[in-house]
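This report sets out selected features of a two-chain structure. The sequence and coordinates are displayed first, and the description comes after them.

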Amino acid sequence: MHRDRGRRYLRFFGARPEADVEDEIGFHLEMRERELIALGMATEEARAEARRRFGDRARLQAQMQLLERERTRSVSRLASWHALQSDVSFVVRTLVRQPLFTLSVILTLGLSIGANASIFTAVNAYLLKPFPVRDPDRLAAVAIVDGKSGMIESVSYPMYRSVLQLNTIYEDAVAWLGLTVALRTEGDAVRGFVIGGSDNYFSALGVRAALGRVYTPEDAHARAPVIVLTNAYWTRLFNRDPLAIGKTLFVNERPFTIIGVLSPKFNGTQPLILPDAIIPVESAVSVDADIPKELESMGWTPFRILAYLKPGVTIERARSAVEQLTKDLAPQYPEVFADRRLVTEMEIRTRPEYAVSRLTPWVAGVFFGMVGLALLVACANVANLLLVRATVRRSEIAIRSAIGATPARVVRLLLTESLLLSAASLVVAYGLARFCTGWLNRLPLAIDVPISFGLELDGRVFAYAAGVSLLAGLLSGVVPALLSARAPVSEVLRDGGRSGSAGRGRTRLRSMLVVSQVAVSFLLLVSGGLFIRSAHHATEIDLGFSRDRLLLGQVDLALNRVEEGASRQVQDRLLEAIGTIPGVERVALSTFLPLSGNYDTRTVFVDEHPPQAPDGVMSVAVGSVTPGLIATLGMHLLEGRDFTAQDDTASPPVAIVNRVIAEALWPQRDPIGQRLRLRKDGPVVEVVGLSSNVTLVLLGEEDRPMLLLPIRQHPSRQTTILTKSRGVNPSALTAEVRTAVAAVNPTLLLYGVRTMATQLDEGLAFFFVNIGATLATAIGLLGLLQTIVGLYGVLSYSVAQRAREFGIRMALGAQAGAMIRDVMRHSARLVASGLAIGAVLAVTLTGAMRSVLVGVSPTDTLAFGGALVVLGGLAMLSSYLPAWRASQVEPASAVRGD
Amino acid sequence: MPTDSLELLRGTLDLLILRALKIDPTHGYGVLKWIERATGDQLKIEEGSLYPALYRLQKRGWVTSEWGLSENNRRARFYALTVDGTRQLETEVADFVRFARVVFQALDVQPATA
């Protein structure tokens with residue numbers, strides 16, 4: 001008996017074929033046994049006989065169970081399919097009948113989930129997605145860190161060789177450098193970006209060609225002029241023509257044979273860059289005259305390293321191994337390892353770029369937090385809408401319950417509804433995410449290398465979006481669903497579904513939702529405001545150079561194979577040709593350009609050892625410049641003299657130091673006349689000038705040591721031409737500058753022509769600040785919009801609910817103004833509580849943004865005040881319409897009811 | 001009275017089960033008993049073929065089953081004819097009669113004398 005009940009209870013959760021079959025056979029045997037006993041058989045005998053007649057019980061039981069399982073499975077599948085079908089079609093019909101409600105829910109959820117998915121795309125790319133090579137989980141980057149600045153820098157080829165020898169730690173390693181080159185098949189050359197990889201580049205990473213082959217160590221050792229194209233470049237240049245294999249591509253006018261095309265998944269190893277092609281670095285020697293000379297130099301550090309940890313070796317062990325390596329190498333190369341040491345880190349923690357990867361989790365956290373909050377606001381909104389509707393539908397649901405629908409069935413119907421809504425919003429979300437990543441990937445940037453953010457909507461992003469929309473649907477659907485199912489039937493039916501007060505609990509819940517929306521929205525607006533202020537502030541900080549009236553352009557004489565000896569004449573003629581253009585105030589050449597990534601580092605040695613540089617060495621940024629660069633760039637010469645045309649190879653070596661160097665090496669002394677060396681045993685260089693500091697790499701950075709050298713004593717073929725215009729609009733000079741350059745040498749490739757202002761705004765320097773402000777503003781506005789809509793909805797609903805009350809009051813002679821005041825007071829109470837909570841939240845949470853803000857306090861008054869005014873103002877504005885409607889209630893119709 | 005039980009013709013068991021259920025829903029044992037009674041104990045139905053046949057008929061939708069209490073108050077699975085099953089029974093009876101008639105005709109015997 002007891003056993004029976006238990007079993008039946010279990011059956012609630014589905015059929016149990018095994019037990020059923022057993023019971024049926026047992027019953028059969030029992031019946032037979034009784035029959036036999038009735039015929040006069042003894043009990044034991046009867047039981048045995050019944051068994052005998054039944055035959056092979058085990059076999060039959062198995063056969064029956066099989067049949068039963070098949071049957072129940074198809075039956076239950078069919079039943080639930082039918083139920084689902086009817087639920088879905090019912091829900092679709094009701095949703096289509098209320099298009100406004102349906103659309104607001106879908107858009108509300110869709111936009112927020114889309115924002116989430118877009119941010120997740122970046123999180124996926126920079127924190128989650130495995131690097132597209134073999135065994136990505138064992139891949140580590142090796143780099144140099146500058147002890148003073150904490151900057152992560154690249155390494156030299158000999159360092160790579162030393163890392164390769166750490167074969168108890170690393171199984172294998174690859175190195176590469178990025179080369180800007182002139183690429184040409186036929187016709188004019190264009191600037192391209194090529195990776196020069198170590199001999200084992202492809203074999204170690206386990207990367208194969210999608211078409212043709214990749215280069216092998218043998219190719220590299222033979223210095224074979226072979227080149228492997230990236231899929232994007234192949235598409236762009238050859239329109240995906242397989243016959244490209246075997247053709248010749250000229251790299252800096254040297255012929256290379258195309259041997260293969262990579263798959264679109266693997267775009268080389270240079271962070272954030274989509275190169276055009278990859279060649280063996282040994283073969284790159286023929287491309288760039290500097291390379292053979294420098295490849296063996298410990299101090300020439302344009303290389304990056306990715307190394308495979310041996311299975312079982314931890315990154316901590318690798319860290320101590322490279323630290324030891326630094327200690328081993330330092331005595332031999334003091335100038336290279338002065339204040340610098342080798343470091344290693346898992347590849348996945350070095351994204352999007354080793355130098356800034358420490359910030360990645362912070363930035364991701366801040367934006368993820370923001371879109372998460374926006375999603376919460378959206379869920380609250382949708383919950384509110386569903387709640388309002390659930391109240392309206394109370395009579396329908398009560399009738400359903402009255403005619404026998406179980407609460408479970410009603411809940412299922414309502415959940416089906418919210419799941420259908422979240423499925424529809426997933427479509428909107430995916431569309432938005434596609435648009436956002438597409439927009440970001442297409443963003444034109446004033447950068448001279450092909451930037452690629454690597455953002456793509458892969459299966460992981462889709463799964464995330466689907467998961468989030470499912471969660472959002474359940475979250476916003478479950479509360480109204482439960483509340484509706486609980487509505488007592490009799491009560492609802494009695495007051496005809498037009499209840500005067502829809503239950504205090506529910507009203508309070510809605511008010512709480514609005515209050516929390518206002519609070520979260522305030523937080524979002526403050527964050528947006530902080531980012532905007534930060535971006536604005538960034539344009540106003542003193543960069544140490546001028547952003548106005550400057551036209552920039554890059555010339556790389558090496559691309560045109562102008563020999564080093566001839567470059568000086570070409571550069572002189574360029575200065576002269578541009579300098580004589582009317583409207584040009586002054587012109588200069590420089591190898592460094594602030595906030596563009598163009599600068600070299602070198603080590604300076606002084607014979608006297610000041611306390612700040614105990615070894616007498618200091619790592620500094622250097623730039624080779626023509627006379628007048630300081631004035632052209634808008635830096636200041638604080639003491640001494642600028643370079644002159646006489647500072648050339650025939651005269652004594654000179655240099656200009658900035659304040660940071662002067663204060664570090666010669667504190668409280670006049671830097672003019674001091675002496676330093678650029679190699680340990682190199683010639684003495686005399687300091688002839690002291691310059692102001694400039695912001696070189698990052699906004700808000702600590703001032704860096706910087707050394708200027710005369711270009712005639714330190715020649716370089718790749719320079720930036722800086723043209724200072726007399727007029728306010730330097731871009732007006734573009735055509736004349738181009739003509740002047742062409743007049744000097746018609747084959748010269750002038751690229752990156754843009755104003756300094758454009759360079760700053762659209763270059764990488766301000767890019768992250770700007771993109772941050774754009775994103776944060778968009779998210780803030782999304783939250784604001786939803787809050788306004790939510791508030792409006794709640795007030796409208798409450799006005800509609802209280803229509804009878806208003807009508808009676810009007811009938812009793814109340815003024816319209818009183819109604820308006822009444823509703824506005826209600827709204828003001830909600831908004832004020834929301835703002836108060838929001839302010840507390842914001843003060844507590846924006847501290848987390850400190851590391852991504854430039855020059856703005858996380859409790860910036862303007863950001864807080866602005867958010868307060870905007871949110872409070874718009875909220876009150878949106879309450880006016882419902883309030884006005886309250887004052888327009890027709891007393892007669894309200895009292896009569898519907 | 002023949003000493004041996006008759007061998008069952010193919011398909012005949014299904015027909016008899018459907019017919020047994022035509023009167024009232026009953027459990028497997030009841031079906032067995034009905035067939036034995038109706039054929040004057042001349043047809044011996046094996047449990048080994050009865051239950052699989054019942055399950056198959058269910059799967060084809062001619063028979064449904066539910067758990068209930070037997071005449072002696074035991075929990076038992078009761079089988080009943082569905083609407084489809086009733087229709088199927090009619091068809092099968094008609095088919096069987098036609099079949100029997102043809103065979104009798106061929107054997108040149110009269111049903112009454114057999």
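The following sections treat the basis of the description, each chain, the interface and a few individual residues.

**Basis of the description**

This is a predicted model, in which local features need pLDDT of at least 70 and side-chain atom pairs count only at pLDDT 80 or more, while totals for chains, interfaces and linings use all residues. Residues are numbered from 1 along each chain as its sequence is written, and chains are lettered from A and ligands numbered from 1 in the order in which they are written.

**Chain A overall**

Chain A contains 29 helices and 22 strands; helices (H or I, at least four residues) and strands (E, at least two) are DSSP runs, numbered from the N terminus. Of its 898 residues, 41% count as buried. A residue is buried if 20 or more other C-beta atoms lie within 10 Å of its own, exposed if 12 or fewer, and partly exposed in between, with C-beta atoms placed from the backbone. Among contacts in chain A between residues at least 6 apart in sequence, 82% link residues at least 24 apart. Two residues are in contact if their C-beta atoms, placed from the backbone, lie within 7 Å.

**A helix pair in chain A**

Helix α27 (residues 816-845) of chain A packs with helix α28 (residues 861-887) of chain A at an angle of about 155°, their axes being 8 Å apart. Axes are lines fitted to C-alpha atoms, for helices over the stretch in contact, and angles run from 0 to 180 degrees between N-to-C directions. This angle makes α27(A) roughly antiparallel to α28(A). Angles under 35 degrees count as roughly parallel, over 145 as roughly antiparallel, 65 to 115 as roughly perpendicular and the rest as oblique. The crossing of α27(A) and α28(A) is right-handed; a crossing is left-handed if the near helix is turned anticlockwise from the far one by less than a right angle, and right-handed if clockwise. Residues in the contact include Met819(A), Val823(A) and Val831(A) of α27(A), together with Leu868(A), Leu871(A) and Ala875(A) of α28(A). By class, the contact of α27(A) with α28(A) comprises 18 nonpolar, four polar and no charged residues. Here Ala, Val, Leu, Ile, Met, Phe, Trp, Tyr, Cys and Pro count as nonpolar, Asp, Glu, Lys and Arg as charged, and the others, Gly among them, as polar.

**Chain B and its helices**

Chain B has four helices and two strands, which run α-α-α-β-β-α from the N terminus on. Of its 114 residues, 27% count as buried. Residues 24 or more positions apart account for 51% of the contacts in chain B with a separation of 6 or more.

In helix α1 (residues 12-23) of chain B, the buried residues are Leu13(B), Leu16(B), Ile17(B), Leu18(B), Ala20(B) and Leu21(B). Their cover includes α2, α3, β1 (63-69), β2 and α4 of chain B.

Helix α4 (residues 83-107) of chain B has 25 residues and reaches 36 Å from its first C-alpha to its last, close to the expected 36 Å; the expected span is 1.5 Å times one less than the number of residues. α4(B) is hardly covered, with two buried residues among its 25. Just after α4(B), Asp108(B) takes a positive phi of about 60°.

**The interface**

The contact between the chains takes 16 residues from chain B and 16 residues from chain A. On the side of chain B that touches chain A, α2 (28-38), α3 (47-59) and β2 (75-81) of chain B each supply at least two residues. The most comes from α3(B), with eight residues. By class, this side of chain B has five nonpolar, four polar and seven charged residues.

**Individual residues of chain A**

The peptide bond from Arg351(A) to Pro352(A) is cis, with omega near -10°. Pro352(A) lies in the loop between β11 (340-346) and α14 (360-392) of chain A.

Another proline, Pro255(A), belongs to strand β8 (residues 254-262) of chain A. Pro255(A) counts as exposed because it has 11 C-beta neighbours inside 10 Å. Not counting residues up to four places away in sequence, Pro255(A) touches Pro225(A), Thr248(A) and Phe250(A).
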